[in-house]
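Reader: I would like a close look at one part of this model. Please take me through the strands and what surrounds them, step by step.

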Amino acid sequence: ARRLAAEAPITPGALADGAPVPLLANLGSVGGAAEALRLGAEGVGLFRTEFLFLDADRAPSVAEQQEQYTKLLNEFAGKKVVVRVLDAGADKPLAFLNDAEEENPALGLRGIRALRRSEAVLREQLTALAAADAATDAELWVMAPMIATVEETRYFTALAAELGIRTAGVMIEVPAAALLADRVLDACAFASIGTNDLTQYTMAADRLLGTVAQLQSPWHPAVLRLIEEVGAAGARTGTPVGICGEAAADPLLAVVLVGLGATSLSMSPSALADVRASLARYGLEDARAIAGAALATEGAAEAKRAATAAAESVR
Ligand code: PEP
Ligand code: MG
C-alpha cells in the first residue's frame, strides 16, 4: 500500500470547492527541474537566471543562454514557465553590472534599474529567451524584477515585445508598484509578487540583517494590505497575480494569499505537498474570511494567530 500511495498521481493545486490554484516551482537552475516535476510542480513560477551570470566578468553569450533556456523549457514542455530576467544588485551583486561603491545597494541600481543602464545585456537575454521559446513548446512568460513605476513597466514590456517575447510581466516587490497596481497591471500581461523584497521594502528592514529579522514577517498586515491591493487590481483588470516569495511556502499564509486574490503560488519544490494539502481544506470564501481576519490586525504575530483561529472555525 505504501508503494501504491507513493506512486499515486499528484493532483493539481485546488481549493476545497475545486477552484484551481496552480502550484509552481521556484528554480535557480535547470538541474532542479526533475525534482520539481516529481513533487508535482505544475510549471515554474520563478526561474532565477542569476546562476548563469554568477562569477562571470561578462554576460554569457546569447547562444550559451539559449541553450540553458531551451533545456529548461523542454523539461517543462506543455507547462507554464515564468523566467525572471537578471536580478543583479543588492543581495546578488555582479561586478560588470552594479556599482560596488553604493552605500545602500538594496535601494540602488538593482534589477530592472541595472539592466536598463546596461540595456545590451537585457536585449541579449530577451533575444535568447525568445529563440528558446520559438524552438520549444512550454508556455514562456518573462518578467522583470524590482519594478517601481508604470513607466518601467512600459519600458520592459515594449522591449520584450520588440524582441519577440509573447507574454511579459513584472514582479511586484516595491511598495510603489503595489500601491499603483491597477496602473502597473494595465501595462503588462501578468504580475508576480515577490514577498521577500516586498516585506523588506515595506518594513524598511534589510532582508539579510538578523538584527531586524523581527520586522521581516510577510504576515505583517502592512504587507498583506499591499498584496490585497495587487490582488484586487488583478481581479479588476483580469490580470493573473502570482506569488513567488517565500510566503507562498507557508501552508496557512498560502491560504491567506489566495484569499487576497493570488491566482497561483510558486515556491521551493519541497513546500509543494504541504501547501497543496492546506489549500484543499478551504473554499474560496473560507480563504477570504481567513485573509480578512489577518488583515484586521496590527502586527505579524497577531495576524498569524487571527488567521489560525479563523481557519479553525471554518473547518
Ligand atoms: C522576492 O523578492 O520575494 C523574490 C521572489 O525574489 P528574490 O528572493 O530572488 O529577490
Ligand atoms: Mg526579489
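This is a predicted model: local features need pLDDT of at least 70, side-chain atom pairs count only at pLDDT 80 or more; totals for chains, interfaces and linings use all residues.

Author: Strand β5, residues 168-172, pairs with strand β6, residues 191-193. The pairing is parallel and covers 3 bridges. Within it, V170 has A191 of β6 as its bridge partner.

Now widen the view. A closed barrel of 8 strands runs β1-β2-β3-β4-β5-β6-β7-β8, and the pairing is parallel. From one strand to the next, the twist averages 25°. Strands of a sheet pair through backbone hydrogen bonds, and the sense may be parallel or antiparallel.

Next, take β3, residues 80-84. How much of this strand is buried? The count is 5 of the 5 residues, so β3 is largely enclosed by the rest of the structure. The cut-off behind "buried" is 20 or more other C-beta atoms within 10 Å of the residue's own. In a regular strand, side chains alternate between the two faces of the sheet. Here, K80, V82 and R84 point one way from β3. V81 and V83 point the other way. Both groups are buried, charged K80 and R84 included.

β3 has a partner on each side in the barrel order. Toward β2, the link is 4 bridges, and the two strands run parallel. R48 stands opposite R84 of β3. The chain gets from β2 to β3 through helix α3, residues 62-75. That β-α-β crossover is right-handed. Toward β4, residues 139-144, the link is 5 bridges, again parallel. K80 stands opposite E139 of β4.

Ligand 1 is surrounded by L46, R48, D87, E173, G194, T195, N196, D197, C244 and G245. Which elements each supply at least two residues of this shell? They are β2, residues 43-48, and α9, residues 195-203. α9 gives the most, with 3 residues. By class, the shell holds 2 nonpolar, 4 polar and 4 charged residues.

Finish with a helix. α10 spans residues 221-237, 17 residues in total. From first C-alpha to last, α10 reaches 24 Å, close to the 24 Å expected at 1.5 Å a residue. Its buried residues are V223, L224, L226, I227, E228, E229, V230, G231, A233 and G234. After α10 comes G238, with a positive phi near 65°.

Key. Residues are numbered from 1 along each chain as its sequence is written. Chains are lettered from A and ligands numbered from 1 in the order in which they are written. The expected span of a helix is 1.5 Å times one less than its number of residues. A residue is buried if 20 or more other C-beta atoms lie within 10 Å of its own, exposed if 12 or fewer, and partly exposed in between; C-beta atoms are placed from the backbone. A residue is near a molecule or strand if its C-beta atom, placed from the backbone, lies within 6 Å of it. Two strands pair if DSSP finds at least two bridges between them. Axes are lines fitted to C-alpha atoms, for helices over the stretch in contact, and angles run from 0 to 180 degrees between N-to-C directions. A crossover is right-handed if, with the strands pointing away from the viewer, the path from the first strand over the helix to the second runs clockwise.
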